[in-house]
Every structure is written in C-alpha cells, then in structure tokens.
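Subject: Structure for your review

Dear colleague,

Please find the structure below, handed over for your review. My notes on it follow directly after, and I would be grateful if you read them with the model open.

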Amino acid sequence: MKTEETIAKKQTISHDRDRTGWKEKIPELFSRYGIFLIFLALVALMSVLTPHFFNVYNLINVVKQVSFIGIVAMGVTFVIITKGIDLSSGSLIALVSVIAASFAHPGDYPLFVPLLLGVGVGAFAGLINGTVSAKGMIPPFIATLGMMTAARGLALLYSDGRPIGNLSDSFLFLGSGDLFGIPFPIIVFLFVGLLMHLLLSNTKFGKHTYAIGGNEQAARICGINVDRHLILVYTLAGFLTGISALMLTARISAGQPSMGVMYELDAIAAAVIGGTSLTGGIGTIPGTMIGALIIGVLNNGLDLMNVSSYWQQILKGAIIVTAVLIDSRKNKKA
Amino acid sequence: MKARKAFAWFMISVLMLGLLSGCGNAADGKDDGKMVIGAAMPVFDDKWLSYMYDAMKKGAKGQKAELKMVDAKNDSSKQLEQVEKLVIQGVDAIVICPVDTSAVKPMVDAAKQADIPVVVVNRQPSADVLEKVDAYVGSESIKSGTMQMEKVAELLDGKGHVAIMTGELGHEAQVKRTKGNKDVIKKHPDMKVVRQGTAEYQRAEGIQLMENWIQSGDNMDAIVANNDEMAIGAIKALKSAGKLDDILVAGIDGTPDALEYVQSGALDVTVFQDPVGQGEKAIVTAVKLAKGEKLEDKMVWIPYELITKENVEKYVERWKGYDENKG
C-alpha cells in the first residue's frame with residue numbers, strides 16, 4: 001500500500017515537472033538535438049526539391065559516399081576535442097593508398113598484408129604527429145602541417161607520381177563489395193562509429209580526452225598523463241585515416257598519390273558542423289556522423305538538381321556556416 | 001649560447017659557399033662558350049611534365065647546351081623570382097612553362113629587357129603576351145576539347161545527351177577543353193549538354209559525381225570528361241550500376257592507366273598530348289633563338305592525337321619507349 005502511494009506520488013511529481021518544463025523543454029530539446037533537426041530539415045528540403053533524392057538507392061548512395069570522410073572525421077573529432085587539429089589526413093590517405101596498393105596485386109601477398117600495412121602506416125604517421133606536438137611542444141597545427149606536406153611528398157616519391165592499379169578482387173571488396181545488399185563501406189562506417197562513440201562516451205580514455213580539451217593544466221594536475229594521451233589520440237586519428245584510405249583505394253581501384261586533396265578540411269568541417277568545438281572539450285561521435293551526412297546530402301542533392309558547380313560551392317559554404325551558426329547560438333543560450 | 005653562435009657562423013659560411021658556387025657556375029657558362037638555356041618549370045612532381053623535362057634534358061645534351069632547370073613548386077611569384085635570377089645569370093635563352101598563364105607577362109618583360117629570347121612551352125598565354133615572346137611551343141588546349149567531342153559526336157551519329165565532367169574550376173585546361181566540347185555540340189542540333197559538373201580532375205570525385213548523376217535518372221548517352229582520371233571514375237560508377245555498355249565515355253591525356261581502359265573497351269575516346277615532342281621542340285627552338293637564327297613560325301604546334309581502340313597499341317608502345325628513356 002505504502003509503496004504504491006509513493007510510486008503514485010512520484011509519478012505526479014514527475015508529471016508536474018514535465019508540464020511546468022514544457023516551455024524550457026523545446027530549447028533544451030533543440031540544444032541537444034539541434035544539428036540532427038537541421039539535418040532532418042535538410043533531408044526534407046531536398047526531398048521536396050528533387051524527386052530523385054528520397055529513395056532507398058539514393059540514400060544508400062549518400063551514406064556510402066560519406067563513409068570515407070566520416071571515418072576520418074571521427075578521428076579528427078577526438079583530436080579537436082583535445083584542442084588540437086589534424087591537417088595531415090588528406091595527404092595521409094594518399095600515402096596509405098599507394099603503399100597498400102603496391103602490396104595488393106592479385107596473387108602477391110595475402111589480404112591481411114596490405115590491410116595491416118595500411119592501418120599501420122596511418123597509425124605510425126599519427127604517432128609521429130602526436131609525439132612531435134606533445135613531446136616537442138610544437139603546436140599541432142604546425143606538426144600536422146609538416147606531416148601533410150611530407151606525406152604527400154612521400155606518396156609521390158613512393159609511386160613515382162603514378163597511380164598503382166591492378167588490385168586483387170578481395171582487396172577491391174573493401175570499397176565496392178556489399179553484405180546483405182548494404183555496401184561494405186557503410187557497414188564499416190557504422191561499426192567504427194559505434195566503437196568510437198563507446199570509446200569517447202563510456203571509457204576512461206574518453207573522459208580524459210574531454211578533460212584535456214577542457215583544461216589541460218587541470219588534467220595534468222589530476223594526474224592524467226597528458227602527453228601519452230595526446231600521442232594515443234593522434235595515433236587513433238592516423239589509424240582511422242588508414243582504414244578510410246584502404247576503402248577509398250579499393251573504391252577507385254588504384255593507389256593514387258594525388259588522392260585526398262583537401263579531405264582534411266572536409267573532415268574538420270564534418271566534425272565542426274556536428275558540434276565539435278574548435279576551442280576543445282566539446283564534441284560527440286554521433287554529431288560528427290551527422291555532420292558528415294549533412295555535407296553528403298548537400299553534395300548529392302545539389303548534383304541531383306543539376307546546380308551549376310560555381311553555385312554549388314557558394315551554397316555549400318553558406319549552408320555549412322549557417323548550420324554551425326544556428327548550432328552555436330543555442331550553445332551560447334545554454 | 002656558444003653553441004648557438006657557432007651554429008650561426010656555420011650557417012653563414014654554408015650560405016656564402018652557396019653564393020660563391022652560384023657565381024662560379026654562371027661564370028663557367030660564359031667562359032667555355034657553351035650555350036646556357038634557362039628553364040623555369042612549374043612543378044617537378046608531375047608525371048606528365050616529368051616526361052617533358054626528360055625530353056628537354058636530352059634535347060639540351062644533343063644540342064651541346066647547358067640546361068638550368070628550376071622548380072617553381074606551383075607558385076607564380078616564385079617563378080617570377082626564378083626567371084629574374086636566370087636573367088641576372090645571363091643565360092642565352094629562357095624556356096618558361098608558366099605556373100599560371102595570366103601571370104607570365106612580368107617574366108617575359110624581365111627577360112626581354114635584357115634582350116634574352118623567351119620560349120613559352122605547353123601552356124598558352126594570352127594574345128598580348130604571345131606578341132612579346134619569341135616562340136610558343138605546345139598544343140592548343142581548345143583543340144583537345146573539339147577533337148574529343150567530334151569523335152564522340154561521330155560515334156553517337158550526331159545526336160544524343162551529353163554530360164560534361166569538368167576539372168578544377170577556373171583552370172585554363174578546364175575552361176578551354178569544356179569550351180571546345182561545347183563548340184562542337186553547337187554544330188549538332190540533335191546533341192545537347194544535359195549535365196555539367198566538376199570532379200576536380202580526380203578519380204574518386206569522378207565516381208561520386210557519376211553515382212549522383214545515375215541517381216538523377218537522367219538519360220545520358222555520353223560522359224565527356226576534361227581528363228582521363230575523371231573518365232575512369234565515371235567508368236567505375238557506370239560499371240557498378242550496370243550501365244557501362246549503354247554509355248560512351250571520353251577522356252583527355254592518354255595516360256598509361258587510361259590506355260588500359262581503352263584496350264578493354266571501357267574508355268571509348270581519349271586524346272594524347274605529346275610531352276616528348278613539346279620538350280624537344282622547346283629546346284630546339286630556344287637554341288635556334290639563342291644563336292640568333294630566325295624561326296619559320298613563332299607558333300610551333302605539337303598536334304594532339306586521337307586515341308581509340310583501333311590505334312591504342314601504338315601509344316602503349318610509345319609510353320614504354322618514354323619510360324625506357326627515363327632509365
């Protein structure tokens with residue numbers, strides 16, 4: 001009897017709270033899911049504007065296209081949360097691409113060799129990025145800018161400036177195969193997204209990442225090994241870039257030293273659109289995934305509508321800034 | 001502190017040595033009466049251009065001239081400095097492959113003030129600059145576009161929907177090749193451009209753009225790309241959608257990679273631009289001018305060549321020959 005009463009009481013209380021809080025609830029809802037709502041609005045808009053947008057084939061097409069940048073952007077999210085930046089991802093894609101491709105000719109080596117080499121090269125480059133900026137006390141902007149230039153040079157040197165083709169079928173599956181009708185890159189994108197989300201939101205590693213970005217000094221005092229953690233974060237970013245590069249190489253069925261130009265900026269844009277703050281300490285993986293999808297939907301929708309390339313660039317720039325503007329206003333309010 | 005001072009002195013002495021050796025070279029060039037040709041090149045790490053550079057080096061050896069080749073790393077202002085330096089060194093002729101054709105005028109002026117003959121190679125500057133230079137060696141960008149589209153029009157019997165995939169927006173080749181395409185289409189009342197979009201000369205972007213075009217459900221008979229890499233991208237996307245057999249694909253460049261796609265029948269048309277022809281002719285022309293000889297014609301055209309499945313083997317052999325030359 002008593003317990004029933006308390007339950008009933010509790011229910012009325014929570015009910016009351018709900019009712020009184022309705023007005024504050026909308027902005028709260030918006031501040032939590034703002035970018036997601038903007039994304040839905042964009043999807044709705046595109047569906048109205050072009051009849052070819054909203055169908056399963058095209059939606060799968062869009063998600064597949066953003067998988068590559070999306071995975072890179074997840075690593076970049078970790079980096080930006082620590083108040084860092086990674087400018088090397090685009091060039092790193094090219095470097096991983098040519099090295100992996102040269103070991104992926106049919107009948108040369110088993111599949112795991114190019115795969116391990118690919119993610120290995122990516123992680124190693126990330127390790128250098130992290131070590132140089134953490135131990136060398138060099139701003140990440142400069143450290144990764146150096147890597148951006150050097151990795152592109154290495155890719156050109158290694159491949160003699162030429163695409164490396166003739167890749168084995170099992171390798172090509174990574175970029176153009178599908179499982180149960182779903183393109184393989186999408187499966188990897190969602191799987192890696194889930195893992196990275198858990199890593200960032202549910203582990204000590206994630207908490208330390210936020211702590212360093214929020215206040216590095218305080219994090220140090222709290223006993224977090226900041227240098228080691230930063231090195232790990234950049235290594236993770238390099239590793240994820242490696243995964244993306246492998247799939248992209250398989251997609252175009254060649255290792256190319258000219259690949260991935262400006263991808264680092266797309267990845268950073270995806271993270272920032274998704275609510276990651278360049279001042280550190282704020283950001284989520286689902287947000288970044290939505291950010292990548294917003295870019296993808298824009299690209300796809302504008303292509304479908306046959307908007308001129310000049311206008312596409314202007315519109316994309318304007319929409320990206322507007323989305324972030326709306327999102328940041330809500331952050332100020334909150 | 002001491003170490004730093006020592007290091008500074010070391011650096012200064014290295015720099016001084018560098019300067020001295022620079023002077024030494026310039027003097028050598030004059031002393032033994034050997035002709036010196038300066039070559040201001042846009043960027044060293046470009047595959048196609050590297051074949052042109054090799055041909056220039058070989059050509060200079062053949063002409064018993066010394067070749068001073070410098071790399072502007074795709075930076076116009078750097079290229080201007082380099083040309084000015086070549087002028088100061090007093091070379092006998094300068095070959096310029098401009099980073100940006102609209103920024104080449106001050107370079108030509110600098111050389112002409114010192115009465116040094118100038119040859120522009122590969123990238124054609126505007127008419128007012130052409131008036132000042134002594135020779136232009138290269139192909140006419142717009143012709144690759146017309147040649148490519150004429151073949152496509154022939155294959156389509158003069159009618160059909162065409163989608164044009166363009167390179168980096170504003171790039172000279174993108175503008176002229178696309179214009180060449182459209183000039184031809186205008187001549188065929190039954191042909192029309194249904195789509196135009198940029199894939200930035202890249203294969204990955206070519207795949208993405210083609211995928212989106214396929215999703216649009218538009219009827220397309222031919223994909224005409226500003227370069228081969230984008231054309232290969234379009235082929236990949238068309239192939240996975242099972243539409244490759246119904247749609248013609250055309251590129252420009254005739255890269256070794258693209259030739260494989262021509263051989264397999266996936267790429268229907270591409271256009272070859274001859275790096276070795278341009279490099280050799282540039283040097284021959286520069287040497288002639290340095291000796292004070294007259295040219296028959298200021299414009300030295302190296303024509304484009306059309307590649308289709310019928311003649312592709314010839315070009316495969318040609319690339320092989322170029323690679324062997326590289327050694």
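This is a predicted model: local features need pLDDT of at least 70, side-chain atom pairs count only at pLDDT 80 or more; totals for chains, interfaces and linings use all residues.

Contact of chain A with chain B

Chain A contributes 24 residues to the contact and chain B contributes 25 residues. On the side of chain A that touches chain B, the elements giving two or more residues are α3 (56-81), α11 (226-252), α13 (285-304) and α14 (309-333) of chain A. Of these, α3(A) gives the most, with 4 residues. Sorted by class, this side of chain A has 8 nonpolar, 13 polar and 3 charged residues.

One helix pair across the two chains deserves a separate description. α13(A) packs with helix α8 (residues 203-215) of chain B at an angle of about 55°, and the axes are 9 Å apart. The two helices, α13(A) and α8(B), are therefore oblique to each other, and their crossing is right-handed. On the α13(A) side the contact is made by A:Asn300, A:Asp303 and A:Leu304, and on the α8(B) side by B:Leu209, B:Asn212, B:Trp213 and B:Gln215. By class, this contact has 3 nonpolar, 3 polar and 1 charged residues.

Helix packing within chain A

α13(A) also packs with α3(A), at an angle of about 140° and with the axes 8 Å apart. That makes α3(A) oblique to α13(A). The crossing of these two helices, α3(A) and α13(A), is right-handed. From α3(A) the contact takes A:Asn61, A:Val62, A:Gln65, A:Val66, A:Ile69, A:Gly70, A:Ala73, A:Met74 and A:Thr77. From α13(A), the residues in this contact include A:Ile285, A:Thr288, A:Met289, A:Gly291 and A:Asn300. The residues of the contact of α3(A) with α13(A) divide into 11 nonpolar, 8 polar and no charged.

A further pair in chain A is formed by helix α9 (residues 204-214) and α11(A), whose axes come within 11 Å and cross at roughly 110°. α9(A) and α11(A) are therefore roughly perpendicular to each other. The crossing of α9(A) and α11(A) is left-handed. A:His208, A:Thr209 and A:Ile212 of α9(A) meet A:Val226, A:His229, A:Leu230 and A:Val233 of α11(A). The contact of α9(A) with α11(A) has 4 nonpolar, 3 polar and no charged residues.

Record annotations and domains

For chain A, an unreviewed UniProt entry lists "transmembrane region" at residues 33-54, 60-80, 87-105, 111-129, 141-159, 179-200, 230-248 and 268-298. In the model, residues 60-80 of chain A are 100% helix and 0% strand, with the end C-alpha atoms 29 Å apart. Residues 230-248 of chain A are likewise 100% helix and 0% strand, and their end C-alpha atoms lie 27 Å apart.

For chain B, an unreviewed UniProt entry lists "domain: Periplasmic binding protein" at residues 37-294. In the model this span of chain B is 48% helix and 19% strand, and its end C-alpha atoms lie 17 Å apart. Chain B is divided into domain 1 (32-139 + 275-295) and domain 2 (142-272). The C-alpha centres of these two domains of chain B lie 33 Å apart.

With kind regards

Key: Residues are numbered from 1 along each chain as its sequence is written. Chains are lettered from A and ligands numbered from 1 in the order in which they are written. Two residues are in contact if their C-beta atoms, placed from the backbone, lie within 7 Å. Ala, Val, Leu, Ile, Met, Phe, Trp, Tyr, Cys and Pro count as nonpolar, Asp, Glu, Lys and Arg as charged, and the others, Gly among them, as polar. Axes are lines fitted to C-alpha atoms, for helices over the stretch in contact, and angles run from 0 to 180 degrees between N-to-C directions. Angles under 35 degrees count as roughly parallel, over 145 as roughly antiparallel, 65 to 115 as roughly perpendicular and the rest as oblique. A crossing is left-handed if the near helix is turned anticlockwise from the far one by less than a right angle, and right-handed if clockwise. UniProt positions are given in the numbering used here, feature names are shortened, and annotations may be inferred rather than shown by experiment. Domain bounds come from an automatic or database domain assignment.
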